[in-house]
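I would ask you to look first at the sequence and the structure, and then to follow me through a few selected places.

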Amino acid sequence: MSETDRHPTEGVRQPDPLLPEDSGLTLAEYLAMQQAIGHQTRFRILRTLVANDELSAADLKAAVNVESHNFHYHLDELVDVGLVDKRQRRTADSQGFYTYYRPTAMGRGILEHGVEELMRREREFNDAYS
């Protein structure tokens, strides 16, 4: 049998299933999270929230130094995919609401076990061989 006569998947191992059957999220939802932090502004927003636990939109915007229209677009993207929570609580004078943002457990996890893990490994490798 020649190479061209072989069935294309013959001898090729298939990876284990990515998710358990009772997974709370779909593969598309996980990939949307990964795609969301693939943008530098959203990555910086999420890292800043993780470092501070929670911030108002104004404090967060000042910390990441992003134009207002771009900032809210990117922040909303992080909220939409479930990496950031948007919360409200009454102000001290009870006359209105204070809106703040905080990272979700998934937001923290995707940083700690994703891109930042790769960055830590590179830093450790460089330290070991410098």
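To begin with a term: helices are DSSP runs of H or I with at least four residues, numbered from the N terminus. Please keep in mind that this model is predicted.

Let us start with His-74, which is placed in helix H4, residues 68-80. Is His-74 buried or exposed? Its relative accessibility is 7%, and residues under 20% count as buried, so His-74 is buried. Which residues does His-74 contact, leaving aside its neighbours within four places in sequence? They are His-39, Thr-41, Arg-42 and Ile-45.

Helix H2 covers residues 40-52 and helix H3 covers residues 57-64. Their axes lie 10 Å apart, and the two helices pack at an angle of about 120 degrees. H2 and H3 are therefore oblique to each other, and their crossing is right-handed. On the H2 side, Arg-44, Ile-45, Thr-48 and Leu-49 take part; they meet Leu-60, Ala-63 and Val-64 of H3.

A search of the whole structure gives one aromatic pair. Tyr-98 and Tyr-100 form this pair, which is stacked, with 6.0 Å from centre to centre and 20 degrees between the planes. Tyr-98 is partly exposed, at a relative accessible area of 32%, whereas Tyr-100 counts as buried, at 7% relative accessibility.

Key:
Residues numbered from 1 in each chain as written. Predicted model: local features only at pLDDT ≥ 70, side-chain atom pairs only at ≥ 80, totals over all residues. Heavy atoms only, no water. Phe/Tyr/Trp six-rings, centres within 6.5 Å; stacked < 30°, edge-to-face > 60°. Buried < 20%, exposed > 50% of the residue type's maximum accessible area, 1.4 Å probe, protein only. Axes fitted to C-alpha atoms, helices over the stretch in contact; angles between N-to-C directions. Parallel < 35°, antiparallel > 145°, perpendicular 65-115°, else oblique. Left-handed = near helix turned anticlockwise from the far one by under 90°. Contact = heavy atoms within 4.5 Å.
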